[in-house]
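Here is a short briefing on one protein structure. Keep the sequence and the 3D view open while you read.

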Amino acid sequence: MTIKNLFNVTRFLTLVIATILFVSCHNRTYDNKSSLTGWSSKDKAAGGFSSNKNYQGQQAPPGMVLIEGGSYTMGHVQDDVLFDWNTTPVKQQVRSFYLDETEVTNSEYLFYLEWMEKVFPPNDLNYKDIYLSAVPDTLVWRNVLGFNELLTENYLRHPAYADYPVVGVSWVQANQYCKWRTDRVNEKILMEKGVLNPLFRSDSLEVIGQNNFNTDTYLSNPNLLFNGDSTIYRKGLPSNAKRKKGAPKPSRGSFTGRHVKISDGILTSKFRLPTEAEWEYAAKAIVENREYNNIRGRKKYAWNGKYTRNKSKKFRGDQLANFKQGKGDYSGIPGWSSDGADITIQVRSYNPNAFGLYDMSGNVAEWVADVYRPIIDNDANDFNYFRGNIFTKKMIDTDGKVVMVDDASVEYDTLDNGKIIPKALPGSIKYIPITKRDAYMRNNYDKAYNVDARDGDLASTKLYDKDEDELETKPRMYNSPVKPRVIGESGFIQQQYDTKKRNTLISDKSRVYKGGSWRDREYWLDPSQRRYLPEYMATNYIGFRCATDRLGPMTYKRRKPTTTKIRY
């Protein structure tokens, strides 16, 4: 090869390599290690602000399954024997979320009661109303013409009913349980990550009253917990240090030596009641036979099919859910029981639906988060529909710090049925409604209280052209009873009744419950059916399960990022 040819080949190769390097610079994808400034967000020279290096993706909380979001036809029951137009079909989009596999059981709720009794002892006058506010109403089993004292005395606490769904719980109590569960799950996570010491094992600490772990308080200001006692936090240990016998071993990705932040991504989202749209979507489970069910909205039960009896050879004729089959027939004849139960039954006694959820039709009906209104019309929000928003914010004192509810500042509320409940538990952050200034010039909301928005507020009545200051009393679309609220010196409400004529029970305190129960006929097993009760009432046929939000992608499936190629 001549020197000239060698020079040409070398020049050609150099040009090819330069082109490849140039194009690759425009094709490269950026990961979370670099920022738009050119600095690395984890570089100590830049401040080292990023703290999400330990994030491994959201995991399903204990006892929950992922419900992949999507669109479906909410409502549109096949049978409407009451002719109340209560389930108008509306196309809705639901975001992905997690939902309990089963209803909350007696054993799970008893663990909650034991914790409440230990931290807020009822024999202490400062806490007696706190513990009592969490106890279910066991008298819901009584009937003036029925002998059910056995259930009144045993259903909640006897081990024979440990795996049965808890009942006698009001909507208010179910919400309080969800909040408590958030703190217990996150407390366990922080212990496993080496941040918290086991609180109940400490000799120098007393977990009582305001001295308990609260997620909001920890994230807002960790020093507010236990009056700033640093012994609740596990200190960093040298690599050659030995753990004390019995001390839990920090898990992978330990945060020993510093506090956890939201940006770490290891704390669970808040537990709550599912919305009506979420619950119905999860119960219908249109992932099976999706085209027919999604477009026409005609899936009648939580299972695939339009009959309640099992078709398999081994269990032919058995019912697929626990419900009342006729007058005086709750289980079938002896020796040929068709659903295996006269009242409720153990959770997981029947096959799950396509999402892996048990008892979405039958056993007990379930509270959902929504305030009840007769019709969900086409003008309603079609993305994660929910009625019941009250927008709040953390209370900030004059020093610019968040305010914690301590033992001396607990506020109580008296419900219409006379029960006294705490507005917030000691140790939690105090929240207040947003103000008009907070909502000034916003285009998505203009006030804190949105429970009656577009259906019961001033704008939706015949007085829409009036100013609220011109009205002596707030207009009410629904003529529901108004309970006289005269509170005595002891804190109990004085027993009085509304003597005026009323024609409805619908109010801003009416909450939706979904699904059929052990004492309902087949008609109510349809997930689209909806009923309501005041939020402070409890029955022997309504239970609940918790939900929490899915963060990030809708599913566990990971999609590779696409790279746009630039041609020159």
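The protein chain has a mean pLDDT of 84, and 82% of its residues reach 70 or more.

**Confidence**

- Among the elements of the chain, strand E12 (residues 542-543) has the highest mean pLDDT, at 98.
- Helix H8 (residues 290-296) has the lowest, at 54.
- Over residues 26-32, pLDDT stays under 50. The model has 10 contacts beyond four places in sequence for this stretch.
- Residues 236-242 also stay under 50. For them the model has three contacts beyond four places in sequence.
- Where pLDDT is low, the predicted coordinates should not be read in detail.

- Strand E10 (residues 510-514) pairs with E11 in the antiparallel sense, over five bridges.
- Ser510 stands opposite Pro534 of E11.
- Strands of a sheet pair through backbone hydrogen bonds, either parallel or antiparallel.

**Arg531, a residue of strand E11**

- Arg531 sits in strand E11, which covers residues 530-534.
- Is Arg531 buried or exposed? Arg531 counts as buried because its relative accessible area is 13%, under the 20% cut-off.
- The side chain of Arg531 makes a polar contact of 3.0 Å with the side chain of Asp520.
- A polar atom of the Arg531 side chain also lies 3.2 Å from the backbone oxygen of Gly515.
- Leaving out residues up to four places away in sequence, Arg531 touches several others, including Ala365, Tyr372, Tyr513 and Trp524.
- Asp520 and Gly515 are also among the residues that Arg531 touches.

**Two cysteines without a bond**

- A disulfide is a covalent bond between the sulfur atoms of two cysteines.
- How many disulfides does the model have? With a cut-off of 2.5 Å between sulfur atoms, the count is zero.
- Cys546 is in no disulfide either, and its nearest cysteine sulfur is that of Cys178.
- Cys178 is buried, at 1% relative accessibility. Cys546 is buried too, with a relative accessible area of 0%.

**Strands E2 and E3**

- Strand E2 (residues 70-74) has five residues, and four of them are buried. That is why E2 is largely enclosed by the rest of the structure.
- E2 runs antiparallel to strand E3 (residues 90-94), and five bridges join them.
- Tyr72 stands opposite Gln92 in E3.

**Helix H2**

- Helix H2 (residues 106-119) has 14 residues.
- From its first C-alpha to its last, H2 reaches 20 Å. This is close to the 20 Å expected at 1.5 Å a residue.
- Which residues of H2 are buried? They are Asn106, Tyr109, Leu110, Tyr112, Leu113, Trp115, Met116 and Val119.
- The cover over the buried residues of H2 includes helix H3 (128-134) and helix H5 (171-192).

Terms used
Residues numbered from 1 in each chain as written. Predicted model: local features only at pLDDT ≥ 70, side-chain atom pairs only at ≥ 80, totals over all residues. Heavy atoms only, no water. Helix = DSSP H or I, 4+ residues; strand = E, 2+ residues; numbered from the N terminus. Buried < 20%, exposed > 50% of the residue type's maximum accessible area, 1.4 Å probe, protein only. Polar contact = N/O pair within 3.5 Å; in protein donor to acceptor, adjacent residues only side chain to side chain. Contact = heavy atoms within 4.5 Å. pLDDT = per-residue confidence, 0-100. Pairing = 2+ DSSP bridges. Expected span 1.5 Å × (residues − 1).
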